[in-house]
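Q: I have a model open and would like to go through it piece by piece. Can we start with the ligand?

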Amino acid sequence: MSEVTNTVRFVLDGRIVEVKGERRTTTVLDYLREDLRRTGTKEGCAEGDCGACVVMVGELNASQTGVDYVTVNSCLQLLPTLDGKSLKTVESLKVNGHMHPIQEAMRDCHGSQCGFCTPGIVMSLVNMTQTNRNPSRLDITDALSGNLCRCTGYKPIIEATHKACEHQTALHLDDQADVGLLKEIKREDQPTLSLEGELIVQPVVRTRKGNEFVSPSSVEEVAKYLIQHPNATLLAGSSEVGLQVNKEFRRPDHIVYLGHVKELKAVQTTPSFWRVGAVVSLEEVMHLVKTELPDFAEVLRRFGSPPIRYTATLAGNIANGSPIGDSMPCLMALGAQLILRLGSKTRRVGLEGFYTGLKKNVMQASEFIEAIEIPRPQDGQYFVAHKISKRFEQDISATCAAMTYQIENERLSQVRLAFNGLSPSPARAYAIEKVLEGKRIQDVDPTQIDQAIAQSYTARDGLRATWAYRSLVARNLVLKFINTHLSEVNAA
Ligand SMILES: Cc1cc2nc3c(=O)[nH]c(=O)nc-3n(C[C@H](O)[C@H](O)[C@H](O)COP(=O)(O)OP(=O)(O)OC[C@H]3O[C@@H](n4cnc5c(N)ncnc54)[C@H](O)[C@@H]3O)c2cc1C
Ligand code: FES
Ligand code: FES
C-alpha cells in the first residue's frame, strides 16, 4: 500500500465533499442524515429490505464523458466506499426550484401518502429512467422490487412513472458538472486510499488502533495486505458486511475494499467459459448469462432487489456461504471453478468441493477469491434452474435447484444437480443424479427421488421452511425440470 490519506472525497451536487475523521464503519445513510442533515433519505429497516434509504451512486463511464449511476441501499454502504464516486440524493433532484418529473407525477397521481417510502421510490425510478425512458410495467415493478410502500399501493406509483415518461428529455440528470470533478478526485497515480486507524494518544506512546480501511487498486496490493493482516475483512458489495455492522455492531479492525481493484472488476469471455472477477456485480452477471442461461438470469433477477444486485457479488455470495445462497446451486450445476489467491500463488477449486460445513470452506488464512470461471453451455447441454421463496422478489430461497443434463438416445446423461436449503451448505445432489442418469424421462420413479433425498440429507426444519416442505419441493423441482423437457419435445 503506497501513501496514506485520511480523507474520503466524493462529488455531491456539483461540489467535492471531503470527509475526515469519521469512523470507518459509518454508513452513507448515517453520514447523510447526521452530518450533512440531508434527511430526505430515510432509515426504515437498516438491513437492505425496505428501500427507504435508496440513493444513486455514480462512476465515470468507460469513455469518461458521463457518469453511470446505480441505486444502492445507503444503510448498507460504508462511507469510505464513496471515495472517487458521485452521490445523488433526493435533495439533488431539485433543479432551478423545480422537482424532477418523477416527483411531479408522483404528486399528480397520488403516489405518496405518509411519504416515508417516497424518497427511496423516487430515486429508484429516477435511476431507471436514466437508461430506460419507455419502461414496461415489468421494468417498473422490477426497479421497485426493493422499495416497500405500506400506504399507497403500487398502482398510482406505476401510473406516475408512465406519466413522467411523457417528459422524455427532462428525465435525464445533468451529469456534466460531475464529470470534471470526478476526474479531479480520481486516485490513479495518486496515493491509494488508506484510512489509518484512529490515533490513540497515551501518556507516553502514540499508537494507531483499529478500524483501518484500505482501498487498493491492484490485486497484488490486496494479496500483500491480506498476508500482513490475515484477519482483515474483505468488502465487496457490502450486502452482508453492512448487515454485520448495523445489526451485530461489528467494527472490523482492518477492512479491505475491493471496489477499485481493476482486475477484480473484469469479465473475460472465451468460447468455453466466462471469467468473472470478484467484484463484478450480480446485475452485470445477470446480463452476461441472460441469452445462454435464461434460468440462471431469472434466479439472479429474483436475487434481492436492484440496489442489492448493483453492488453485491458472486464472490461475496460464495464466500459468505449461506446454506440458502442462491447463486451456488446454479454455479455448481454448471461446474464453476473458483480461482483462489494467496500471496502471488493462485489455485483452482471446483465450487462443489469448496464447502466443508456450515459457513466453512477450504480457503486458508489470507486467501481470497480472485475470480469465478463459469462454463458456458456446450452443444446438446441443457441448463434449468428455479428458486422457491415465500415472496417472488427480495426474498432468499426456501430451496433453489439447478440442473445440467444432456439427452443421449432418449436417456438423461451427464446429469449435474445441485440444491440450496437442504444441507449445511449448498451442495451437489449425487444420489438423485444417480437415480436420473441413464433413464428415459418417462421411466423416472418419484419414489426413488424421495428415497435419495432421505438418504442424502438430514431432516432439519428452518426459519424459512419445514423439512417436509423443502424435501417435497426438492423432489417436485426435479420432476418439473424433466417433465417440462418431455412436454417441450412432444410439442415440437
Ligand atoms: C436485502 C438483502 C437481500 C438479499 N437477497 C439475497 C438473495 O435473494 N439471495 C441470496 O443468496 N443472498 C441474498 N442476500 C445476501 C447477500 O446479498 C449475498 O450473499 C451477496 O452475494 C453478498 O455479496 P457482497 O458482494 O455484497 O458481499 P460482502 O457483504 O461485501 O461480503 C460478504 C462476505 O464475503 C467476503 N468476501 C467478499 N468478497 C470476497 C472475496 N473476493 N474473497 C473472499 N471473501 C470475500 C466478505 O469478507 C464477507 O465475509 C441478500 C442480502 C440483503 C441485505
Ligand atoms: S433502511 Fe431499509 S433498505 Fe436501507
Ligand atoms: S406512502 Fe407511506 S409507506 Fe409509502
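A: First a term: Ala, Val, Leu, Ile, Met, Phe, Trp, Tyr, Cys and Pro count as nonpolar, Asp, Glu, Lys and Arg as charged, and the others, Gly among them, as polar. This is a predicted model, where local features need pLDDT of at least 70 and side-chain atom pairs count only at pLDDT 80 or more, while totals for chains, interfaces and linings use all residues. Residues are numbered from 1 along each chain as its sequence is written, and chains are lettered from A and ligands numbered from 1 in the order in which they are written.

Q: OK, what classes of residue make up the shell around ligand 1?
A: The shell has 14 nonpolar, eleven polar and four charged residues.

Q: Which are closest to ligand 1?
A: G48, G237, G316, N317 and A319 are the closest of the 29 residues that surround ligand 1 (C-beta atom, placed from the backbone, within 6 Å of it).

Q: Which element gives the largest share of that shell?
A: That is α12, with five residues. Helices here are DSSP runs (H or I, at least four residues), numbered from the N terminus.

Q: New topic. Where is R460?
A: R460 sits in the loop between α15 (446-456) and α16 (467-491).

Q: Why is R460 called partly exposed?
A: Because R460 has 13 other C-beta atoms within 10 Å. Buried means 20 or more, exposed means 12 or fewer, and partly exposed is in between, with C-beta atoms placed from the backbone.

Q: How far is R460 from N127?
A: They are 333 residues apart in sequence and 42 Å apart in space, C-alpha to C-alpha.

Key
Helices (H or I, at least four residues) and strands (E, at least two) are DSSP runs, numbered from the N terminus.
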